[in-house]
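These are my notebook entries on one protein model. I record what I looked up and the criteria I applied.

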Amino acid sequence: MNLIVAVVLVVAFTLLYTLFIRVKDIPPPEPVSPTAHLEERKAAIYENLRDLQFEYRVGKLSDADYQQTKLSLQKELATVMSEIDQVAPRPAAASAASASSAAKRRAPAPKPAPVAASACPHCGAEFPAALKFCGECGKSMVVDNSGRETA
Ligand SMILES: [Zn+2]
């Protein structure tokens with residue numbers, strides 16, 4: 001009798017474990033690589049090229065059809081490869097790059113504007129460039145990160 005109870009309990013716990021606990025233990029899906037969908041497309045194009053060559057060899061395709069299809073697949077492949085090249089070399093900045101890559105492809109990113117204004121911490125005079133000494137009061141304009149004067 002005790003054995004049956006024990007078996008029932010074990011089965012019940014196993015079921016509960018399977019149904020409820022393991023769901024929580026499943027790790028979240030891995031972040032998708034920015035090139036994952038491109039790699040998939042590349043693999044699909046290679047597969048199409050293999051199929052095409054096979055069909056050509058067994059005589060299912062005319063020479064013209066073969067050449068035309070091969071050319072379009074190779075063009076597609078080149079496009080995918082260049083897209084991978086644009087994404088792949090910067091894995092650390094992948095999220096930022098993928099967000100702005102479309103815009104970057106259309107036009108070169110503007111160079112960051114130089115920080116023009118530099119104000120004297122003493123008299124408040126403003127200058128078009130950062131200066132070591134204020135042109136108005138002659139005091140040092142070199143400040144450290146806390147905003148204090150260093151020299
Ligand atoms: Zn000044």
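**Entry 1: aromatic rings**

How many aromatic pairs does the count come to? I found one aromatic pair, taking rings of Phe, Tyr and Trp (its six-membered ring) as paired if their centres lie within 6.5 Å, with planes under 30 degrees apart called stacked, over 60 edge-to-face and the rest tilted. The pair consists of Y56 and Y66 and is stacked, with 3.9 Å centre to centre and 5° between the planes. It links distant parts of the chain, since Y56 lies in helix α2 and Y66 in helix α3 (residues 63-87), 10 residues apart. I quote both values because a pair of aromatic rings is described by the distance of the centres and the angle of the planes.

I then looked up the accessibility of the two rings' residues. Y66 counts as buried at 7% relative accessibility, whereas Y56 counts as partly exposed at 30%. Here buried means under 20% relative accessible area, exposed over 50%, and partly exposed in between (1.4 Å probe, protein chains only).

**Entry 2: conventions**

I note that this is a predicted model, in which local features need pLDDT of at least 70 and side-chain atom pairs count only at pLDDT 80 or more, while totals for chains, interfaces and linings use all residues. Residues are numbered from 1 along each chain as its sequence is written, and side-chain values use heavy atoms, with hydrogens and water left out.

**Entry 3: overall layout**

I listed four helices and two strands in the protein; these are DSSP runs numbered from the N terminus, helices being H or I of at least four residues and strands E of at least two. From the N terminus on, the order of elements is α-α-α-α-β-β. Of the 151 residues in the protein, 15% are buried. Among contacts with a separation of 6 or more, 29% are between residues 24 or more positions apart, a contact being heavy atoms within 4.5 Å.

**Entry 4: the loop between α2 and α3**

I looked up L61, which is placed in the loop between α2 and α3. Apart from neighbours within four places in sequence, L61 is in contact with L52, E55, Y56 and Y66. At 21% relative accessibility, L61 counts as partly exposed.

**Entry 5: salt bridge and K42**

My search of the whole structure for salt bridges (a side-chain nitrogen of Lys or Arg within 4 Å of a carboxyl oxygen of Asp or Glu) returned one. It joins E39 and K42, whose closest N and O atoms are 3.4 Å apart. Why are E39 and K42 separated by about one helical turn? They are three residues apart in helix α2 (residues 36-57). E39 counts as partly exposed, at 34% relative accessibility.

I followed K42 further along the chain. Excluding residues up to four places away in sequence, K42 touches L77, V80, M81 and I84. The C-alpha atoms of K42 and V80 are separated by 6.5 Å, although the two residues are 38 apart along the chain.

**Entry 6: T35**

T35 is placed in the loop between α1 (2-25) and α2. Is T35 buried or exposed? T35 is buried, with a relative accessible area of 12%. Not counting residues up to four places away in sequence, T35 touches I84, V87 and A88. T35 and I84 are 49 residues apart along the chain, and their C-alpha atoms are separated by 6.0 Å.

**Entry 7: zinc site**

Which residues coordinate the zinc ion? I recorded C120 (SG), C123 (SG), C134 (SG) and C137 (SG), at 2.3 Å. Donors are N, O and S atoms within 2.8 Å of the metal (3.2 Å for Na, K and Ca); water is not among the atoms, so sites may look incomplete. The four donor atoms subtend angles of 106 to 117°, and the arrangement is therefore tetrahedral, a label that requires all angles of four donors to lie between 85 and 135 degrees.

Along the chain, the donors follow the spacing C-x2-C-x10-C-x2-C.

C120 counts as buried at 4% relative accessibility, and C134 is buried with a relative accessible area of 4%. C123 counts as partly exposed at 41%, as does C137 at 35%. I also checked for disulfides (a pair of cysteine sulfur atoms within 2.5 Å), and the count came to zero.

Key. Four donors count as tetrahedral if all angles lie between 85 and 135 degrees; four count as square planar and six as octahedral if opposite donors are over 155 degrees apart and all others between 65 and 115; anything else is irregular.
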